[in-house]
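Biologist: Please show me the model. I want to go through its helix packing and one of its pockets.

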Amino acid sequence: MVSLNNNFYSILFKKNEDKIKEQNIDEPGFFIDLNLDQVIDTITIGKKEYNLKPFFYIHLNDIDTIIYRQKIFKELENTILFENIKLFARKISTMRDYLAKAEKLYYKFQEERYFLDAVEIYCDAVDSLFNYLSTFELKSDGLIAFQKYLTKYVNSEEFISLKKVTKKLIEDLKTIKYCIQIKGSG
């Protein structure tokens, strides 16, 4: 990914130094007593690839981070905005499915086509989210910073080139014609 990061670090953390530093944060002991383990299991079902559980285990000590998140969640109460974010997440999940399937294929050209399709899905997902967010007046610092980051990213030479090359390859593949000649046994 292109490094365009000036002031956006995370949708969950306002400052880069506040991010989770250790990937294997253990579940607090009281989670089981309060059945919070079951709540977190339900929330994260089907999302194991994102490793979300540690985000529920950490204790936020910084009031600014708490307010930062609350403003984002308040803004996500807008159902249209939330649905567009979920649509983006579904497209990215589909892209990951294509990549996973490509890794399991043995035929080189089939693997490469799945990879190309994954890139196309990725570009469409990013473009769609960018186009939607461009029409929405965001209020929270976190989503505004993300929107600025996304604007820089979609206008970057690398992303524009990725889209152009992907589109050209797909168009070129559409022009290929196959002809099969089958000889009979008699």
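Modeller: Start with α4 and α7. The two helices are roughly perpendicular to each other, a term for angles of 65 to 115 degrees, where under 35 is roughly parallel, over 145 roughly antiparallel and the rest oblique. The model is predicted, so local features need pLDDT of at least 70 and side-chain atom pairs pLDDT 80 or more, while totals for chains, interfaces and linings use all residues. Residues are numbered from 1 along each chain as its sequence is written, and side-chain values use heavy atoms, without hydrogens and water.

Biologist: At what angle do the axes of α4 and α7 cross?

Modeller: Helices here are DSSP runs (H or I, at least four residues), numbered from the N terminus. Axes are lines fitted to C-alpha atoms over the stretch in contact, with angles from 0 to 180 degrees between N-to-C directions. α4 spans residues 63-75 and α7 residues 141-154. Their axes come within 7 Å and cross at roughly 80°.

Biologist: Which residues of α7 does α4 meet?

Modeller: Contact means heavy atoms within 4.5 Å. From α4 come Tyr68, Ile72 and Glu75. Their partners in α7 are Asp141, Gly142 and Leu143.

Biologist: How are α5 and α6 oriented to each other?

Modeller: α5 covers residues 79-104. It packs on α6 at an angle of about 170°, with the axes 8 Å apart. The pair is therefore roughly antiparallel.

Biologist: Are α6 and α8 parallel or oblique to each other?

Modeller: α6 is residues 108-134 and α8 is residues 157-174. Their axes come within 10 Å and cross at roughly 130°. α6 and α8 are therefore oblique.

Biologist: Which residues of α8 make the contact with α6?

Modeller: On the α6 side, the contact includes Arg113, Leu116 and Tyr122. On the α8 side it is made by Phe159, Leu162, Lys163, Thr166, Leu169, Ile170 and Leu173.

Biologist: Which helix gives the largest share of the lining of the second largest pocket?

Modeller: A pocket is an open set of points on a 1 Å grid where a 1.4 Å probe fits, with protein on both sides within 12 Å along at least five of seven lines; lining residues have an atom within 4 Å of a point. Leu116 and Leu173 are among the lining residues. α6 and α8 each supply at least two. The largest share, 5 residues, comes from α6.
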